[in-house]
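Open the structure in your viewer and keep the selection tool at hand. The stops below say what to select and what is there.

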Amino acid sequence: MIIKSINTFVLRVPLGAKTFYSSQCPFPERKSLLVRIETDNGIIGWGEGGQYGPAEPVAAAITHVLAPQLIGRNALDRLCLWEELYAATRDFGRQGSYIEALSAIDIALWDIAGKFHQCPIHQLIGASFRDHVPAYATGCYYREEDLRDVHSSLARLTEEAKAYKEAGFRTIKAKIGLLSIEEDTLRLQAIRSAIGNDIDLLVDANHAYTAASAIRMGRALESLGVKWFEEPVLPEDKEGYARLRSILDIPIAGGECEYTRWGFKDLFTHGCVDIAQPDLCVCGGISEGLRIQSIASSYNIPVIPHAWGSGIALAATLQFLACLPIQPHTANPIALQNAPMIEYDRNPNPLRDDLLREPIRLQDSCLAIPQGAGLGVEIDEAVLNSYCEVKA
Ligand code: MG
């Protein structure tokens with residue numbers, strides 16, 4: 001089955017007044033880079049590459065560097081093709097856009113393989129550990145006005161957190177790191193009092209701190225019973241991660257900015273994280289995600305993938321989640337403790353919620369693993385075209 005054509009699609013949806021902030025930047029839009037690979041027998045596979053970063057360099061890496069090496073090749077040789085493409089870009093592309101491009105291609109090739117064999121990707125891999133995954137609500141981001149007065153944001157945060165609880169979420173992840181530690185502590189105290197102690201609270205700093213300030217924040221998080229502290233320090237600061245992990249009584253999560261098995265091997269050998277969070281559209285796709293899980297399991301580190309992006313990224317992440325064993329095994333798996341969850345961002349995301357013919361919807365605060373062939377989802381091409389800014 002020969003690869004006949006490869007196209008990229010840069011999708012963009014402005015959010016206008018619904019712009020939100022992490023500690024790093026405002027998000028005035030949703031964007032995704034999709035790749036479409038077609039074979040000579042008419043099978044089409046979809047993939048997605050990248051997360052917050054610009055989509056154009058990922059598209060360029062596919063169009064100008066990787067795609068020419070794939071045309072005419074057997075689409076079912078995905079593992080050989082992964083190694084070949086990685087080797088061809090190793091000298092200049094071990095992280096960043098090239099690996100995001102490779103991630104998109106890998107996901108599309110798995111989609112093709114599943115469609116060829118008429119089964120979902122997780123079945124092709126031989127892993128159906130679960131048919132649905134509990135979702136945690138990622139929300140409680142910042143708005144522009146929060147920068148001027150933290151107190152004015154507390155009522156909104158309280159309402160937002162309560163709404164997640166009322167919607168059935170048992171776990172909520174809030175953003176920290178844009179404001180001072182004292183102001184962020186006020187925000188978290190407001191959220192905790194709104195949701196009570198029976199809801200798990202996670203926080204995500206998007207690498208906002210030095211180790212010293214993260215320890216100060218971590219003490220407040222411990223007193224609020226927070227269940228994980230995500231990306232406390234810079235992804236490069238492996239020593240800072242290890243220091244926090246040895247000092248704080250709170251699990252440290254990280255890895256959404258890491259690339260490939262080698263990036264995660266560094267995280268594990270330096271003792272950086274208690275929970276590994278590869279993003280399949282960043283780390284090298286489903287193939288590399290499985291390798292990362294395998295290395296993580298040798299350190300007894302659970303994998304709970306990061307999820308962002310469009311409905312394609314979500315479907316790929318769910319296929320991957322079906323393949324994650326309980327880590328460590330018990331006869332009674334408990335979400336977060338030894339069973340994975342799916343991250344479900346609650347900001348507006350039309351690329352996730354409108355792009356698929358049958359959107360993946362929350363049911364009883366869980367998402368079902370798609371059971372159709374390949375990724376198990378179909379793109380609504382009219383919606384795709386309406387959000388498509390650049391096609392190549
Ligand atoms: Mg994060």
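The model is predicted. To see the whole lining of this cavity, select Arg-30, Ala-307, Trp-308, Gly-309, Leu-314, Glu-343, Tyr-344, Asp-345, Asn-349 and Arg-352. The space they line has a volume of about 70 Å³. Colour the lining by class and you get four nonpolar, two polar and four charged residues.

Next, go to the largest cavity, with a volume of about 80 Å³. Select Gln-293, Ala-296, Ser-297, Ile-301, Pro-302, Val-303, Leu-324, Pro-325, Gln-327, Asn-338, Ala-339 and Pro-340, which line the largest cavity. How many charged residues are in the lining of the largest cavity? There are none; the lining has eight nonpolar and four polar residues. In total, the model has four cavities of 30 Å³ or more.

The largest pocket holds about 350 Å³ of space. It is lined by 18 residues, and those closest to its centre are Glu-358, Pro-359, Ile-360, Pro-370 and Gly-376. Then select strand β13, residues 366-368, which gives the most to this lining, with three residues. By class, the lining of the largest pocket has nine nonpolar, three polar and six charged residues.

The second largest pocket holds about 230 Å³ of space. Select Asp-200, Lys-227, Trp-228, Pro-251, Asp-274, Ile-275, Pro-302, Ile-334, Ala-335, Leu-336 and Gln-337 to show its lining. Seven of these residues are nonpolar, one is polar and three are charged. Pro-302 is listed in the lining of this pocket and also in that of the largest cavity.

The last stop is helix α7, residues 211-223. Its 13 residues reach 18 Å from the first C-alpha to the last, close to the 18 Å expected at 1.5 Å a residue. Which residues of α7 are buried? Select Ala-211, Ser-213, Ala-214, Ile-215, Met-217, Gly-218, Ala-220 and Leu-221. An α-helix has 3.6 residues a turn, so residues three or four places apart point the same way.

Methods
Residues numbered from 1 in each chain as written. Predicted model: local features only at pLDDT ≥ 70, side-chain atom pairs only at ≥ 80, totals over all residues. Heavy atoms only, no water. 1 Å grid on protein atoms, 1.4 Å probe; cavity = no way out; pocket = protein on both sides within 12 Å on 5 of 7 lines; lining within 4 Å. Points joined across faces, edges and corners; volume = space filled by probe spheres on them. Helix = DSSP H or I, 4+ residues; strand = E, 2+ residues; numbered from the N terminus. Nonpolar A, V, L, I, M, F, W, Y, C, P; charged D, E, K, R; others polar. Expected span 1.5 Å × (residues − 1). Buried < 20%, exposed > 50% of the residue type's maximum accessible area, 1.4 Å probe, protein only.
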